Amino acid sequence: MIVPYGNVLLLAVILFLMGAACAVARRNLLMILIGVEIMLNAAGLAFVAASLKWQGMDGQVFVLFIFAVAASEVAVGLALIVYSQRRTGSMNADDYNRMRG
Amino acid sequence: MTLYAVIFYVLAIVALASTLLAILQRQVVHAIVYLILSFLATALLFYLLGAPFLAVLEVIIYAGAIMVLFLFVVMTVRAEPVRGTRRETFRQWLPAIVLGIVSLCVGGILIAQVPGSKIGLTVGMATPTAFGRYLFKSYWLPVEIVSFLLLIGLVGALYLGRQETKPAEEKGENHP
Amino acid sequence: MKTILFLLLFFPFAGGLLLALIGRYLPRRVAEGVGCLSILASLLMAALAFGTAGEKRYLLTLFEWIQVGDFSASMSVYYDPLAALMALMVTFVSSLIHLYSVSFMREDQDYVRYFCYMNLFVFSMLVITLADNLVFLYLGWEGVGFCSYILIGFWYSDVVNATAGRKAFILTRIGDVALGVAVALFFLLLDQFSIFAINSKASSLTAGTATLLGLLLFWGAVGKSAQLPLVVWLPDAMAGPTPVSALIHAATMVTAGAYLLMRLFPVIVLSPAVMLTIATVAVLTGLFSALAALAQKDIKRILAYSTISQVSYMFLGVGAGDVAGGVAHLVSHAFFKALLFLGAGCVIQALHEEHDIFKMGNLRQRLPLIFWLFLAGAVSLGAIPPFGGFFSKDRILLSTFNHPGLAYKTLALIGEVGAVITVFYTFRMFFVAFLPRPSAPQGFERKDLKISGFMQWINLPLAILAVFAAALDFPEAFGGNAWLSHYLASIPGATAPFPVSAVFERSVEIGSGLLNVAVLVVAYFIYRPEGGFLGWPSPAALRENLEELFFHGFYLDRLYQIALVRPYQKMAEILWSKVDEGGVDHFFEDMGAVFRLSSSGLQQWATGRLSTYLKMLLLGFTAMVSVLALGWYYLR
């Protein structure tokens, strides 16, 4: 017996919310992406805990897929950030407000 | 309080602390470093929770590739961190903190309600062999799709990241 | 017979409809032809019906119009001698006026509208003439009111004309309300809309009910026929084209009121109070308008006031119980008044739209034919024996005098005074306008407009009829055969209820005839060319004030303006600015403002900034989770 299942979930929740807070509160584009990464990671933790609880490997498989998706998403996201930094010269999310209205 | 529980709580504290420090940093590089530490702790947690293969993958992919990628971009971009006043920072963080605390309380209540959350997790281990077999037996299609996704990501990143040799007007997509 | 009557009504309606729909695309002559031919065809039908009917009466249903449960309003006609005569007169005079209009309106580009509405007017008038069903009659009643509004205000680009049309419409409307109430009451009391049935059942009404109904009908007639107090629209209605004045305000519409009373005479005769009211109002109106005509300068206004006066004689006939006398005067009045108006139209056009009689003069040389025709009309109007209007007017006055009661005798005397004044103003008009004046040009002036012979000669039939209208009802006391009285003997009220001795009748007629001639001579002396005297023979100050008073129609119009029109306009203005614009519009603007404000409030959320949207995402997530928790908590 390691820990009660709920505790692991609670840990995952706290990590997730911290990632959300980072994404919401920071202005730097890179920090926002980092917040997204934290959130993905926390979700993966929850999946692994669930996999152990139900004694099946499906949760772990899913975590694998999360890794893959996160990797490609980060790649494209960073490419976008680099591109838009070259176009506008700003890394501040507040400067990208042409969709205002 | 078994040994496993102790290890769990220590790792949990490390992960929490390092994540917290990561999100509060001014400098992006510092944040990334703290985050690497957090990912390492998470990888050990994975090992504890019976997923050694994933633990290794976490270190290699997440902490290794993704965070390094971040660092590369930080180096390429070379933007100066913007210094805001204390009041502005507080106004930025306030909604996130409030909402976070509310969600935490609600989430905690929810978790506490579920009967299954009191059950202790038994020790188990998914060996890489067994994991691999299981993956390619039942989930071969998602694997193929994910590989396709990675290819697309690759192509996309290449296209977006190329240096501009042509005039700017000819690029019509993805204006910020 | 049914076909003939149907066609009688159908032709003018079809003509009007045709002109309304495709009149614009027809060549001018064709459109005018349609307009005139429809009335002529109608005349043919009327003559046919008159010929075949003889003394028979017909009650025919032409078309089942409204049929709802117990309520049935069909387009039915009641063709008795009165209706026959009236229809013949209306179609005859209308045809002549339509032909005259072709020439009169030759310069006007709006002829399609003109002929269309003239046709519709004749249709409506014929409906009034023939209708048996009161709802059908009301249709015609409203129709003539509407068409007269359009035709009076025909040249609407001048706001004076449009105002005159509107005034006519509003004032006749006030009368129409009473008629509508009366129609409804008839249905309520007698369960009938049919005039024939009502007349048969009339004796079942109590005196009080009959009085009420009589007064309502009378008020409706007062509006349409321009008697006191709804009189002020008729002088202003001269703003319309002269043929319109001839048709509407001489021969047809203004007589519709008297005609209505004649048709429903059995109801009215039940109430002596109503009869006396009718007679009194008629006499007062007659005197009022005769005095007013005395001071007018515009030839058409003189004729307008004279119309009011003559129609009041018809009402007096009804009030005295002598319907046949009223009819006789109606018919002869139609002829000579139409003649006078059309003649005046010729004069006005020839003299380049000059209406003031004091600026005319010496028309014997300038327009010789009109001179004689107008003279014919004037002697008929002035009741110079043995011409036109003399016998009919005298017959009415005699019937009034013979009616028991001191009131009637007084009224008869006042009526006689009115008749005398009629002679005076008629010949004032004639002598001033037509005889040579020192200031007027001698002979045919180059600047006079040459008007077509057609326009002048068309008046000849009217002149003949006007002069010889006396032959219609030559009283037996003088050896005549009184054809009209015999023809109308079958309709209620035809015979004078109180017969007189032939001697009395003869002496009265001779006396009044001589009196009329004497007044004519006096008028000649005052207004003769060498006299040069264009005013009144009385002390100067009195003359001026009286003249002003009469000229303005006793300031009745001004009284209405101040007492009724201005307060109403003020109230309408307040309602418009405060309630309509202030209240209703404001309400809708505020409602719009709510949307605008809420939209601009919401707009603040659309910042276009990533952080805002991420905040919103987190907020949404929190909300969902909270709801989930709450739900779970409560469902447990």
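**Chat on the model**

Analyst: Starting in chain C, C:Tyr58 has C:Tyr79 of β2(C) as its bridge partner. The model is predicted: local features need pLDDT of at least 70, side-chain atom pairs count only at pLDDT 80 or more, and totals for chains, interfaces and linings use all residues. Residues are numbered from 1 along each chain as written, chains are lettered from A and ligands numbered from 1 in written order, and side-chain values use heavy atoms, leaving out hydrogens and water.

User: How many bridges join β1 to β2 in chain C, and do they run parallel or antiparallel?

Analyst: Eight bridges join β1 (residues 58-68) to β2(C), and the strands run antiparallel. Two strands pair if DSSP finds at least two bridges between them. Strands here are DSSP runs of E with at least two residues, helices are runs of H or I with at least four, and both are numbered from the N terminus.

User: Which residue takes a positive phi in that hairpin?

Analyst: C:Gly69, with phi near 60°. The hairpin has two residues between the strands.

User: How many residues of β2 in chain C are buried?

Analyst: Seven of the nine in β2(C), residues 71-79, so the strand is mostly covered. Buried means under 20% relative accessible area, exposed over 50%, and partly exposed in between (1.4 Å probe, protein chains only).

User: Switching to chain A. What is its secondary structure?

Analyst: Three helices and zero strands. Along the sequence the pattern is α-α-α. Of the 101 residues in chain A, 63% are buried.

User: How many residues does each side bring to the contact of chain B with chain A?

Analyst: Chain B brings 81 residues and chain A brings 67. Together they bury about 6,900 Å², 77% of it on carbon and sulfur atoms. That area is the accessible area (1.4 Å probe) the two parts lose on being put together, summed over both.

User: How many salt bridges and polar contacts there?

Analyst: Zero salt bridges by the rule (a side-chain nitrogen of Lys or Arg within 4 Å of a carboxyl oxygen of Asp or Glu). Eleven residue pairs are in polar contact, both at pLDDT 80 or more. A polar contact is a pair of N or O atoms within 3.5 Å; within protein, one must be able to donate a hydrogen and the other to accept it, and residues adjacent in sequence count only if both atoms are side-chain atoms.

User: What does B:Leu150 touch?

Analyst: A:Ala68 and A:Ser72, leaving aside residues up to four places away in sequence. B:Leu150 sits in helix α6 of chain B. It counts as partly exposed because its relative accessibility is 37%.

User: And chain A against chain C: how many residues are in contact?

Analyst: 15 residues of chain A meet twelve of chain C. The two chains bury about 1,000 Å² between them, 65% of it on carbon and sulfur atoms.

User: Which residues form the salt bridge?

Analyst: A:Asp94 and C:Arg609, with the closest N and O atoms 3.1 Å apart. Two residue pairs are in polar contact between chain A and chain C, both at pLDDT 80 or more.

Key:
Contact means heavy atoms within 4.5 Å.
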